[in-house]
Amino acid sequence: MPRSETREYPLLWLQGGACTGCSVSLLNSVSPSARNVLVDEMIPGKHINMRFHSTIMAGVGDPAIAELERTRDEASGAYLLVVEGSVPLGADGVYGVIGEHNGKGIPMHAWVKSLAPDALAVVAVGTCAAFGGIPAGAPNPTESVSVEEVFSSEGIPTPLINVPGCPPHPDWFVGTIASVLLQGLPKESDLDEYLRPKAFYGQLIHENCPRRAYFDEGKFAKKLSDPYCLYELGCKGPVTHADCPTRLWNHGVNWCVGSGAPCIGCVEPAFPDVVAPVYEKITDEALPNIGAEE
Ligand code: FSX
Ligand code: SF4
């Protein structure tokens with residue numbers, strides 16, 4: 001019997017301006033578990049080999065940092081680069097550094113410029129990496145930008161997939177990586193205008209919300225514990241694209257609206273500045289088609 005071969009996909013995970021919630025969300029994945037993702041074959045015959053992740057790796061210091069460049073040089077065109085968090089540009093990038101060179105921190109911006117061009121694909125995980133998110137919120141003191149902004153200012157042509165959410169659902173990340181392993185890079189038609197996989201971000205929260213009948217009947221919650229539509233308490237479901245109402249969170253336990261909290265629009269480029277304040281009704285201008293026939 002021939003021995004079955006497992007193909008290794010090296011993966012480098014950088015963390016910039018962020019709260020690490022994206023990593024925590026992934027580590028909370030139940031099915032598949034984080035162990036399944038990181039240790040087992042992610043899909044039969046294919047294994048993610050996570051070579052760098054500041055929070056969970058055992059390695060420290062120069063040998064750990066050297067792994068970034070070693071992977072880039074030895075697996076050129078074959079490794080996945082995951083970026084969590086914004087890329088802070090202010091004060092020469094001092095607000096987000098990984099490792100150091102001659103006693104000086106190496107900015108996140110330099111790592112993205114160094115590692116992204118030779119990657120098979122880059123996944124911007126979380127709204128901070130995908131769109132700037134909370135770190136780039138006004139007045140943006142760290143001058144944070146998204147990965148896509150770095151790509152366009154530096155002319156980096158590597159395929160980019162945005163997996164936003166603050167934090168993203170673990171399935172959105174795992175599903176995106178599994179799809180690349182199974183079917184290769186996404187086609188242009190698989191992603192929306194913000195480079196989000198349509199499989200997860202293809203529908204509005206409002207389209208699938210179990211409280212939608214109350215919205216249509218004009219029955220609105222006056223306080224968070226009311227069972228009615230949360231629109232007047234600030235729900236951003238009508239302008240937010242994600243499958244939370246059908247996928248649910250925490251392995252199917254519940255989701256924001258299900259627990260009486262309005263959707264905060266965390267997967268959108270408009271988060272947090274435009275969709276804020278959380279508990280204020282969105283203006284009609286933000287909802288050009290609300291209630292209209294499709
Ligand atoms: Fe950002 Fe990740 Fe929000 Fe936090 O680190 S998407 S602040 S939940 O988790 O990047
Ligand atoms: Fe559900 Fe929010 Fe839409 Fe109301 S406004 S139906 S709570 S998504």
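Modeller: Start with helix α3, residues 61-74. Arg-70 and Glu-67 both lie there, three residues apart, about one turn of the helix. Keep in mind that this is a predicted model.

Biologist: What makes Arg-70 and Glu-67 a salt bridge?

Modeller: Their closest N and O atoms are 3.0 Å apart. The cut-off is within 4 Å, so the pair counts. Arg-51, Glu-67, Arg-70 and Glu-74 are linked in a network of salt bridges.

Biologist: Why is Glu-67 called buried?

Modeller: Its relative accessible area is 15%. Buried means under 20%, so Glu-67 qualifies.

Biologist: And why is Arg-70 called partly exposed?

Modeller: Arg-70 has a relative accessible area of 38%. Exposed means over 50%, and buried under 20%, so Arg-70 falls in between.

Biologist: How many salt bridges does the structure hold?

Modeller: It holds 14. One of them joins Glu-268 and Arg-196, with the closest N and O atoms 3.2 Å apart.

Biologist: Which parts does the pair of Glu-268 and Arg-196 tie together?

Modeller: Glu-268 lies in the segment after α12, and Arg-196 in the loop between α8 and α9. The two are 72 residues apart in sequence, so the bridge ties those parts together. Both residues are buried.

Biologist: What about Arg-247 and Asp-243?

Modeller: They also form a salt bridge, with the closest N and O atoms 2.9 Å apart. Asp-243 has 10% relative accessibility, so it counts as buried. Arg-247 is partly exposed at 29%.

Biologist: Now the rings. How many aromatic pairs are there?

Modeller: The count comes to eight.

Biologist: Why is the pair of Trp-172 and Trp-249 called edge-to-face?

Modeller: The ring centres are 5.7 Å apart, and a pair needs them within 6.5 Å. Trp-172 lies in helix α8 and Trp-249 in the segment after α12, so the pair ties together parts 77 residues apart in sequence.

Biologist: Last, ligand 2. Which residues come nearest?

Modeller: Of the 13 residues around ligand 2, those are His-206, Cys-209, Cys-229, Leu-230 and Cys-235. By class, the shell has nine nonpolar, two polar and two charged residues.

Definitions and conventions: Residues are numbered from 1 along each chain as its sequence is written. Chains are lettered from A and ligands numbered from 1 in the order in which they are written. This is a predicted model: local features need pLDDT of at least 70, side-chain atom pairs count only at pLDDT 80 or more; totals for chains, interfaces and linings use all residues. Side-chain values use heavy atoms; hydrogens and water are left out. Rings of Phe, Tyr and Trp (its six-membered ring) pair if their centres lie within 6.5 Å; planes under 30 degrees apart count as stacked, over 60 as edge-to-face and the rest as tilted. Helices (H or I, at least four residues) and strands (E, at least two) are DSSP runs, numbered from the N terminus. A residue is near a molecule or strand if one of its heavy atoms lies within 4 Å of it. Ala, Val, Leu, Ile, Met, Phe, Trp, Tyr, Cys and Pro count as nonpolar, Asp, Glu, Lys and Arg as charged, and the others, Gly among them, as polar. A salt bridge is a side-chain nitrogen of Lys or Arg within 4 Å of a carboxyl oxygen of Asp or Glu. Buried means under 20% relative accessible area, exposed over 50%, partly exposed in between (1.4 Å probe, protein chains only).
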